[in-house]
Amino acid sequence: MTHSRYHAPLQDRSTDDDEDDDVKLPAFRRYESQGVIRQISYYLSGEIVDPIQYTDLLYTLRTASATDLIFLHLNTPGGNFDTGLQIINNIAASEAHVITILEARAYSMGALIFLAGDELIVHDTCQLMFHNYSSASVGKGNEQAAQVMASRKWFDKVMRNVCRPFLSDQELERISKGEDIWLDTDDIRRRLLHLQKGEPAVKPKDTRTKVKPVPVSASETDAAKPARSSRKSKPA
């Protein structure tokens, strides 16, 4: 078997280069991918009862992914504080985007659940109500007193964490003293709009005291008037 001492002649690449120059690249390229987005809706349409009744909701919040949307439709007079707080804590811990929708009324703990959403939606004729907690205690007098103090401290802390800045510190203080605060759709939307703009939800009222004018006598009035210089020259 013999081998040629000469290599194959090189091809002239000038023609290929010219052809490559004639190929125009696209101005953009399109790529597409598809993902699975789950939308799950829950309706809290009555009194909030014992936590055991909400394990399905709680488990869904805990195991949801970042691409999931969970809708909580609210029409509730409120109810069990422990249950509501557990729902709020699970909303905060959930990777899903949780949307709370006020569809009629949300009182007491229902109002707090509404404020806990990542996104808040309000229908045209709705109402929120915030008030102090109700409880009952048993045991010796000192035990009841300790329980009342601990419960009040706990409740005030929850209200500050959940309701601010939607409610002002002054409003939270009024609630702690026993006052109820009622808000309709216009009030709710106005506050949410202020917060979106980075403004306080409730603009502080002007507390400056108005000073009433003090009446003075005619002689005092004349004395208080500034002296006027005459434009006419005095005769020599």
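**View 1. Phe81, Tyr133, Trp154 and Phe155 form a cluster through ring pairs.** Rings of Phe, Tyr and Trp (its six-membered ring) pair if their centres lie within 6.5 Å; planes under 30 degrees apart are called stacked, over 60 edge-to-face, and the rest tilted. The structure has 5 aromatic pairs. Keep in mind that this is a predicted model: local features need pLDDT of at least 70, side-chain atom pairs count only at pLDDT 80 or more, and totals for chains, interfaces and linings use all residues. Numbering runs from 1 along each chain as its sequence is written, and side-chain values use heavy atoms, with hydrogens and water left out.

**View 2. Tyrosine 107 meets tryptophan 182 edge-to-face.** The ring centres are 5.2 Å apart, with the planes at 75°. Tyrosine 107 belongs to strand S3 (residues 97-107) and tryptophan 182 to strand S6 (residues 181-184), so the pair ties together parts 75 residues apart in sequence. Helices (H or I, at least four residues) and strands (E, at least two) are DSSP runs, numbered from the N terminus. Tyrosine 107 is buried at 13% relative accessibility, whereas tryptophan 182 is partly exposed at 45%. Here buried means under 20% relative accessible area, exposed over 50%, and partly exposed in between (1.4 Å probe, protein chains only).

**View 3. Phenylalanine 130 and phenylalanine 166 make a tilted pair.** Their ring centres sit 6.4 Å apart and their planes are at 45°. Phenylalanine 130 is in strand S5 (residues 127-130), while phenylalanine 166 is in the loop between helix H5 (141-163) and helix H6 (169-176), 36 residues apart. Both ends are tucked away: phenylalanine 130 is buried at 0% relative accessible area, and phenylalanine 166 is buried at 4%.

**View 4. Arginine 191 lies over the face of phenylalanine 166.** The distance to the ring centre is 5.6 Å; a charge sits over a ring if NZ of Lys or CZ of Arg is within 6 Å of the ring centre and within 35 degrees of the ring normal. Arginine 191 is part of helix H7 (residues 185-196) and is buried, at 9% relative accessible area. Leaving out residues up to four places away in sequence, arginine 191 touches Phe166, Leu167, Glu171, Leu183, Ala201 and Val202 (contact: heavy atoms within 4.5 Å).

**View 5. Glu171, Leu172, Ile175 and Ser176 are the buried residues of H6.** They span an arc of only 145° around the axis, so they share one side of H6; the arc is taken from the directions from the helix axis to the C-beta atoms. Their cover includes S5, H5, S6 and H7.
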